[in-house]
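Me: I have a new structure to look at. Can you walk me through it?

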Amino acid sequence: MAKSSKPVVWGLFAAGGTVTAFVTPVLVLLTLLAALGHVVGLLAYDGLHAFASHWLGKSLLFAIVFLSLWHAAHRLRITLHDLGVRSDTPVAVVAYAAALAGSVAAAVYLLRI
Amino acid sequence: MSRRPYVREVSKSRWFLGQPRYLRYMARELTCVFIGAYSVLLLVALKRLSEGREAYEAFLQALASPAGIVFQAVTLAFALYHTVTWFNVTPKAMPIQIGEAFVPGGVIIGAHYAGWAAVTVLVLVLAEAL
């Protein structure tokens, strides 16, 4: 078996790209509506707190944050190369470490709710 | 090898400007900046939520600032561009073969758009009802 981290890195990127393609537009729409004065039940404190208190809600929120962060980190790494930044290893380490740190933080916050 | 090889001068950081195809490619790649920034916004929302009602409601207030609204409007545009470009390459990224024949690309793309519409309506209805 080939010893490469590529399938894992790319698999998470693809999973994140798919999840963000399906849910990010509607999530942005919901928070934008809230910002414009129409706070839906889910985004009100009681609604979101109840949602995030349930293990299923926690899992969904964690999956969305983790996969979106990973997707963005990987694509940013590739894009920085395209923009002429040729020091791939430091870029990759910083990008993936940031995605990992954000995911751990998300887990900690969710477990506190 | 020729003693004076022709080297076409291409900027490493601005090569995509002036070519619509390359510009669309770069716009697609740069959606990740907004997807990433919005994930950070979600992360902050979770932090504020874990800190209690006052912290969370202050967060909602911050979202409603002019900067918050502009950021979200631009993010919405890039998120939609990400969705469209992501779905449009699905037949290349995961071709589906049944027997000898491949499922036509249009069918795979169409199924994704149908799924997207269903997810969007479902989330809107559930979020409103909760």
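**Helices and contacts**

Me: Let's begin with H3(B). What do the buried residues of H3(B) pack against?

Reply: The buried residues of H3(B) pack against H1 of chain A, along with H1, helix H4 (90–93) and H5 of chain B. Helices here are DSSP runs of H or I with at least four residues, numbered from the N terminus. This is a predicted model, where local features need pLDDT of at least 70 and side-chain atom pairs count only at pLDDT 80 or more, while totals for chains, interfaces and linings use all residues. Residues are numbered from 1 along each chain as its sequence is written, and chains are lettered from A and ligands numbered from 1 in the order in which they are written.

Me: Which residues of H3(B) are buried?

Reply: Gln72(B), Thr75(B), Leu76(B), Phe78(B), Ala79(B), His82(B), Thr83(B), Trp86(B) and Phe87(B). Buried means that 20 or more other C-beta atoms, placed from the backbone, lie within 10 Å of the residue's own.

Me: And H1(B), what do its buried residues pack against?

Reply: They pack against H1, helix H2 (45–53), H3 and helix H4 (88–112) of chain A, and against H2 and H3 of chain B. Among the buried residues of H1(B) are Phe34(B), Tyr38(B) and Arg48(B).

Me: What span should H1(B) have?

Reply: At 1.5 Å a residue, its 32 residues should span 46 Å, and the end C-alpha atoms are 47 Å apart, which agrees. The expected span is 1.5 Å times one less than the number of residues.

Me: What follows H1(B)?

Reply: Gly52(B), with a positive phi near 115 degrees.

Me: Switching to the two chains. How many residues of chain B are in contact with chain A?

Reply: 45 residues of chain B are in contact with 46 residues of chain A. Contact means C-beta atoms, placed from the backbone, within 7 Å.

Me: Which helix gives the largest share on the chain B side?

Reply: H1(B), with 15 residues. The residues on that side divide into 28 nonpolar, eleven polar and six charged. Ala, Val, Leu, Ile, Met, Phe, Trp, Tyr, Cys and Pro count as nonpolar, Asp, Glu, Lys and Arg as charged, and the others, Gly among them, as polar.

Me: Now chain A. At what angle do H1(A) and H3(A) cross?

Reply: Roughly 115 degrees, and the axes come within 7 Å. The axes are lines fitted to C-alpha atoms over the stretch in contact, with angles from 0 to 180 degrees between N-to-C directions.

Notes. Two residues are in contact if their C-beta atoms, placed from the backbone, lie within 7 Å. Helices (H or I, at least four residues) and strands (E, at least two) are DSSP runs, numbered from the N terminus. A residue is buried if 20 or more other C-beta atoms lie within 10 Å of its own, exposed if 12 or fewer, and partly exposed in between; C-beta atoms are placed from the backbone.
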